[in-house]
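Here is a quick tour of one model, from a helix and its end to strand pairing and charged side chains. Have the structure open and follow along.

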Amino acid sequence: MSTEPRPDAARDAGSPATLMKSAYSRSYGGFYRRHWWWRAREQQVLHSVRRFATWHGRRAKILDVGCGDGLIWPRLAPIGEVAGIEPDAGQIAPGSPVRDRIEVSGFLTARPRPADHDLVLMLDVLEHIEEEQRALVRVRELLGPHGRFVVTVPALPALWSEFDEMSGHYRRYTKRSLRTALETAGLRVLSVRYCYLWTVLPLFARKFFFRAASGEDSSFVQPPPGPVNSLLYAVSLADHALSRRVPVPAGSWSRRRSPWPSASATSRRPRR
């Protein structure tokens, strides 16, 4: 997984001390719309969603866990109907047009929902939930017979630093540990890969040469100047394209069909 340009909150209710700081929560939407990391992550997530879609010809039922103010929802609108769960009410703008579709709650304390979802998203959320297996079992229970789960998480335990503690992380993942967690919860893994390979060395440098107390400033959170932001976005898109074709050995972010090194993954509910 790549470095995370954000002091995130713990996503599950019951950990209020690690919720995003109020000033950051209010600014999150602007960061998301402009920052190279979020822009590149969004493209990677949408690629996975389209690649593993099983609902062709009908509208998908989508749940976005840790959805913020539904900032990715306009991109999901052509695919289906989206609802969300978000524990930090400060992230939802006053008068938000999607407010009535967001349940303000921790994931594990949210209201019961039927097992008929075509897609569940958990984007940089799982690492904030202490009860990992309980959360993943809950995801499995939400998926319909052909449902898909896309999850992104910070990667490489060797990159663990004060910044993770400040961000409310409980863990970083390897591809193996993410796969094991998903399979233990009864999910069938379709794809796991590292992303943001190019950010691994900068993250190691951050770990050893920067203090977490300085991690909230613009050098890590706010978008860099326009040309630099555009360049880093382009480099990240190239990195993601490479990781789809070549099994890169590391990254700061991981996705599983399910931002500076990371991992991601894509999963599905197992056939019964």
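Helix α6 itself covers residues 175-184; helices here are DSSP runs of H or I with at least four residues, strands are runs of E with at least two, and both are numbered from the N terminus. Within α6, Leu178, Ala181 and Leu182 are buried, where buried means under 20% relative accessible area, exposed means over 50%, and partly exposed is in between (1.4 Å probe, protein chains only). Looking down the axis of α6, the buried residues fall within an arc of 95 degrees, so they line one face of the helix. That arc is taken from the directions from the helix axis to the C-beta atoms. Turned away from the buried side, the other face of α6 carries Arg176 and Thr184, which are exposed.

A word on what you're looking at: this is a predicted model, so residues are numbered from 1 along each chain as its sequence is written, and local features need pLDDT of at least 70, while side-chain atom pairs count only at pLDDT 80 or more. Totals for chains, interfaces and linings use all residues, and side-chain values use heavy atoms, with hydrogens and water left out.

pLDDT is the predictor's confidence in each residue, from 0 to 100. The protein chain averages 83, and 77% of the residues score at least 70. Over residues 13-19 the pLDDT stays under 50, and the model gives this stretch eleven contacts beyond four places in sequence (contact means heavy atoms within 4.5 Å). Residues 215-219 are also below 50, with eight contacts in the model beyond near neighbours in sequence.

Now for the strands. How many of the residues of β4 are buried? Seven of seven, over residues 117-123. Strand β1 (residues 60-65) runs parallel to β4, and four bridges join them; two strands pair if DSSP finds at least two bridges between them. Asp64 has Leu121 in β4 as its bridge partner. β4 is also joined to β5 (residues 143-154), again in parallel, by six bridges, and His117 has Leu143 in β5 as its partner. From β4 the chain crosses through helix α4 (residues 132-142) to β5, a β-α-β crossover that is right-handed: with the strands pointing away from the viewer, the path from the first strand over the helix to the second runs clockwise.

On to the charges. A salt bridge here is a side-chain nitrogen of Lys or Arg within 4 Å of a carboxyl oxygen of Asp or Glu, and by that rule there are twelve. The table gives some of them.

| Pair | N to O distance |
|---|---|
| Arg39 and Glu42 | 2.6 Å |
| Arg75 and Glu42 | 3.0 Å |
| Asp118 and Arg58 | 2.6 Å |

Arg39, Glu42 and Arg75 are linked in a network of salt bridges. Arg39 and Glu42 sit three residues apart in helix α2 (residues 36-51), so about one helical turn separates them. Arg39 counts as buried at 19% relative accessibility, and Glu42 is buried at 3%. Arg75 lies in helix α3 (residues 73-76), 33 residues from Glu42 in α2, so this pair links distant parts of the chain, and Arg75 is partly exposed at 31%.The pair of Asp118, in strand β4, and Arg58, in the loop between α2 and β1, links parts of the chain 60 residues apart. Asp118 is buried, with a relative accessible area of 8%, whereas Arg58 is partly exposed at 46%.
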